[in-house]
Every structure is written in C-alpha cells, then in structure tokens.
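This report describes a predicted model.

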There are 2 protein chains.
Amino acid sequence: MKSTGSPLILITNDDGIDAKGLASLVAVAKGFGEVVVIAPDKPLSGMGHAISIHDPLRLFESKLHAPALAYACSGTPVDCVKLGIYEVLKRKPDLILSGVNHGENSSTNVLYSGTMSAAIEGAMEGIPSIGFSLSNFAPDADFSTTQYYIDQILRLFFKNGLPANCCLNVNIPDLPLAAIKGIKIAKQAHAYWADRFEKRQDQYGRTYFWLSGEFADLDQRPDTDLHALKEGYVSVVPTHFDLTAYAHIQTLKSWENETKFQ
Amino acid sequence: MKSTGSPLILITNDDGIDAKGLASLVAVAKGFGEVVVIAPDKPLSGMGHAISIHDPLRLFESKLHAPALAYACSGTPVDCVKLGIYEVLKRKPDLILSGVNHGENSSTNVLYSGTMSAAIEGAMEGIPSIGFSLSNFAPDADFSTTQYYIDQILRLFFKNGLPANCCLNVNIPDLPLAAIKGIKIAKQAHAYWADRFEKRQDQYGRTYFWLSGEFADLDQRPDTDLHALKEGYVSVVPTHFDLTAYAHIQTLKSWENETKFQ
C-alpha cells in the first residue's frame with residue numbers, strides 16, 4: 001500500500017470482524033489516519049499468541065467498515081497482523097490497534113488474550129501497537145466511555161510516540177465517563193485463574209469438560225492494573241515481549257558449573 | 001490423585017501424545033517420580049497460550065506411555081495443564097515438564113510455542129515447570145543428547161529447586177553429546193520472524209496463504225539463548241509471565257497528567 005501522507009493504521013481484534021468493539025475502535029481511529037481492518041472471521045477469544053502453521057489462511061474483503069478497506073481472515077489475531085503487514089499492506093503500518101475487546105485483559109489475562117497478542121506481535125515487528133479492552137463481556141456493551149479514552153490515548157500517542165518494542169495494554173472500566181478518574185500507568189498484576197471445569201455428559205453419555213473458574217489476585221502492590229481499575233482508572237500497562245526473568249539469572253548461574261564437569 | 005511420597009510429575013507437549021519427543025521426556029522423567037501424561041490428541045505447534053473457551057474438552061485414556069497414566073486431550077497444551085491440575089490430578093503436581101519439542105523454542109519463539117506456554121501456565125499456578133526443545137523439527141529426530149541433558153537438569157532441579165513463579169526454557173542443539181559444551185543460563189534473544197506467505201491458488205481458483213518466513217536475530221548481546229546455542233551450549237532461560245516493560249513506566253507516567261484535566 002502506497003503512503004498517502006496520513007498515518008496508516010492497521011486494526012484487528014479477537015472477537016471477530018463484526019464485533020461492536022471493533023467498530024467502536026475503527027470509528028475513532030479514522031479521525032487519526034488511514035484505517036485498514038484485518039480481523040478474524042469468527043470470535044477467537046483466548047487464542048493467545050497462536051499462529052496457523054498447519055492450515056492455510058484465507059482473506060475475504062468485507063464492506064463492514066467501508067469506506068475503510070477491511071478483510072475477514074480465517075486465522076488468529078496474530079495471523080491477521082502478519083498477513084496485514086506482509087501481504088495486504090506490503091509495508092509496516094505506522095500504528096497497530098487491537099480491540100476493543102469485549103471483556104477485560106488486565107493482569108495475566110494478557111497471555112491468553114488474542115487482542116493483546118496482536119499488539120505484542122506488532123511490538124515484535126517494531127511497530128507501535130495498542131490493545132484496548134472494556135471490562136464488559138456483553139456483545140452490545142456501551143463503548144462511549146471507551147471511545148473517549150481511545151481518542152485521548154491516540155492524541156497522546158501521536159504527540160509523544162511510544163518507546164521502541166513496547167506496546168500498551170489499555171483496560172477501560174465499565175463506568176460512565178464522569179465516574180472515571182483518568183488514566184494510570186500501571187504494572188501487570190500477579191494473578192491467576194483458579195480453574196474449575198464444568199463436567200457434563202453429552203447426549204451419547206460421554207464426558208466433556210468446559211473451562212470455568214475464578215480469577216485470584218495475588219498482588220498487594222498499589223500500582224497494578226487490577227488496583228487501578230478497581231479505583232476507577234483506565235489502566236495502561238507498558239508491555240513487552242521479553243519473558244526473561246532477569247532477577248533469577250544470577251541464582252541459576254551456578255547450574256552451569258554443576259553440569260559442565262559431570 | 002493421592003500422594004505416593006514420590007514426586008508427582010505432569011507432562012505435556014504441543015506435538016501431540018504420540019510424538020517421539022514426548023516419549024523421550026517421559027522415559028527420563030520416570031526415573032524421578034510418578035509420571036502422568038496429558039497431551040494434545042494432535043500436533044498443535046504454534047498454539048501459544050491459547051485456551052479453549054468456545055469448545056468443550058475431551059480426555060481419552062491412552063496406553064501409549066504405560067505404565068504411566070496418560071490421556072489424549074482434545075484441547076491446547078495450556079488446556080492440558082489446566083485439566084491436569086484441576087480435573088485429573090485434583091492437586092498441584094510437584095513439577096510440570098513440557099516437550100521435548102521437535103524444533104527450537106529459543107528467543108521470541110517462546111511466545112508462539114505451545115510447549116513453553118504450558119510451562120508458563122505451570123509457573124502461573126506456582127508449580128515449578130520446565131520446557132525442553134530440540135533444534136530439530138524431524139519427527140524421528142535423535143533425542144539421546146537431549147535425554148542426557150534432561151537427566152542433568154532434573155537432577156539440578158531436585159537438588160536446588162526453582163525460584164517462585166519462574167519456569168525454564170531449555171533448548172538443546174542438535175549435536176552429538178561430545179560436541180556440546182555444557183549449559184548456559186541465558187537471556188531471551190530479541191529477534192522476530194520476517195514473514196513471507198506462500199500465496200497459492202486452490203483447485204477452485206481461490207487464493208490461500210501459508211505462513212513461511214525467516215528468523216531475524218536483532219540481538220548483539222553475548223549472553224542470549226541464540227548466542228549460546230550457536231556456540232554449542234544448551235541454553236536455559238529463566239522465564240516468567242510478567243510482561244510489564246518496567247523500564248518504560250516512568251517515561252509514560254506523564255500521560256496521566258496530560259489526560260486528567262482535559
């Protein structure tokens with residue numbers, strides 16, 4: 001895609017090309033540049049950083065976001081980013097946006113989230129990327145507060161830029177605009193899903209399991225995303241893709257000598 | 001599952017329950033405790049941290065790793081870990097092992113890897129976890145060198161333990177045992193896939209795309225996993241699940257005030 005002078009913005013999500021959250025994001029982003037949408041052709045929540053290795057990918061042009069160019073993709077959110085950069089645009093966009101996710105992607109949910117994995121993939125490619133999520137799973141959730149904050153954050157991005165290889169995980173509480181106190185730059189809270197499985201019998205008497213569970217916040221720090229959201233702030237976590245536990249490198253260093261001479 | 005006194009070891013992978021790499025790992029792990037295998041019923045490379053939200057999960061008992069208890073699971077590697085802990089074992093195992101992956105999971109491949117995502121899920125649950133990968137994609141790859149190092153690393157684990165919420169990403173070069181110089185505690189290299197897509201026509205004349213690409217190492221540091229592997233070492237990266245880019249929190253802090261009063 002040739003440059004038109006205005007910023008080129010690639011948009012994806014994990015709830016599928018016809019999700020209200022995606023339309024809400026596209027509507028705001030259009031005010032900041034040329035938008036191209038490449039989004040999954042079906043809901044793909046919980047896809048994480050999955051990519052399609054064993055299957056071919058399809059792209060179908062869609063009028064859903066006209067006049068913006070849009071494609072429904074048979075693959076995952078990360079596939080959408082890869083196809084977007086290397087096949088559709090044939091160049092790196094100036095910005096990748098993902099969402100708005102129907103449901104919060106705070107804390108360790110960043111790892112399960114297709115929405116955030118698309119943004120992380122953008123960061124890996126060296127492209128400034130932002131994922132947006134609303135704390136409401138409903139298909140018809142009200143995105144008006146979210147749209148206000150998308151606009152604010154895009155203004156800040158175009159004014160200040162983002163650090164290299166860093167994307168943003170933005171979560172918006174499901175509150176009226178007047179009830180939100182502003183944005184907080186936060187840390188990913190340490191939490192996990194204490195899972196339960198619904199164990200049921202199908203119509204043939206065979207057992208199946210369906211994932212359920214409760215989220216357990218283990219983090220007492222005052223500056224986490226979960227804490228910010230609970231206090232009524234929009235949480236913004238600068239997010240990268242380096243999973244090295246640097247704090248433990250020195251501890252483990254002794255292992256090198258314990259094996260070397262055996 | 002009741003405690004027998006010996007360590008309970010849950011094993012999974014992403015190449016599927018009948019992969020040679022999994023059998024190679026089970027064979028070594030059996031010497032260290034009671035092994036239970038729960039692995040995908042099909043190859044699921046590139047699944048990342050995907051979980052099944054929209055689909056029910058099935059477990060089928062398998063004799064493949066007898067006398068060890070084993071189940072083929074219809075879900076992802078992370079589903080296998082969750083089902084293992086909460087449904088099959090009904091308690092946290094003492095150790096989770098994942099692999100041996102047919103193919104390297106060094107550098108940023110940790111994000112795409114189902115093998116490593118299973119280990120990261122274990123770390124999120126507070127269970128010591130280790131993922132093993134061999135730098136050879138072949139289904140019939142030679143895992144004998146790998147088995148030597150699995151044995152070494154399990155000995156070190158049972159002697160020293162692991163830091164809390166930290167798993168290990170272990171990659172073994174595809175070399176004869178004598179050619180390997182030992183293990184190196186390393187950092188995740190900064191690299192990415194410069195993707196290409198094979199663009200073809202199916203028998204109906206419709207276009208499809210198939211992911212391909214080349215891996216681009218952008219990291220000049222001498223202590224990365226990619227560097228260690230190139231030098232003939234087994235790389236061991238202490239890996240966590242906190243994606244916060246702490247270095248950039250201060251930089252972004254000014255955004256809080258720039259929105260608050262608008």
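Chain A can be superposed on chain B with an RMSD of 0.0 Å, by a turn of 180 degrees and a shift of 0.0 Å along the axis. The two copies are therefore related as by a two-fold rotation axis. The same surface serves both copies, since 100% of the contact residues of chain A recur in chain B.

The confidence values of the predicted model are as follows.

| Quantity | Value |
|---|---|
| Mean pLDDT of chain A | 95 |
| Residues of chain A with pLDDT of 70 or more | 98% |
| ipTM of the complex | 0.94 |
| pTM of the complex | 0.96 |

Where pLDDT is low, predicted coordinates should not be read in detail.

The largest nonpolar core contains 156 residues. Within this core, the residues that touch the most other members are Leu25(A), Val236(A), Leu25(B) and Val236(B). Leaving aside residues up to four places away in sequence, Val236(A) touches Leu168(A), Val170(A), Ile183(A), Lys184(A), Ile185(A) and Ala186(A) in chain A, together with Leu252(B) and Trp255(B) in chain B.

Helix α2 of chain A spans residues 77-88 and is mostly covered, with 10 of its 12 residues buried. The buried residues of α2(A) are Pro77(A), Val78(A), Asp79(A), Cys80(A), Val81(A), Lys82(A), Leu83(A), Gly84(A), Ile85(A) and Tyr86(A). Among them are the charged residues Asp79(A) and Lys82(A). After α2(A) comes Lys90(A), whose phi is positive, near 60 degrees.

Methods:
Residues are numbered from 1 along each chain as its sequence is written. Chains are lettered from A and ligands numbered from 1 in the order in which they are written. This is a predicted model: local features need pLDDT of at least 70, side-chain atom pairs count only at pLDDT 80 or more; totals for chains, interfaces and linings use all residues. Copies are superposed by least squares on the C-alpha atoms of residues with pLDDT of at least 70 in both. Two residues are in contact if their C-beta atoms, placed from the backbone, lie within 7 Å. pLDDT is the predictor's confidence in each residue, from 0 to 100. A nonpolar core is a set of buried Ala, Val, Leu, Ile, Met, Phe, Trp, Tyr and Cys residues joined through C-beta atoms within 7 Å. A residue is buried if 20 or more other C-beta atoms lie within 10 Å of its own, exposed if 12 or fewer, and partly exposed in between; C-beta atoms are placed from the backbone. Helices (H or I, at least four residues) and strands (E, at least two) are DSSP runs, numbered from the N terminus.
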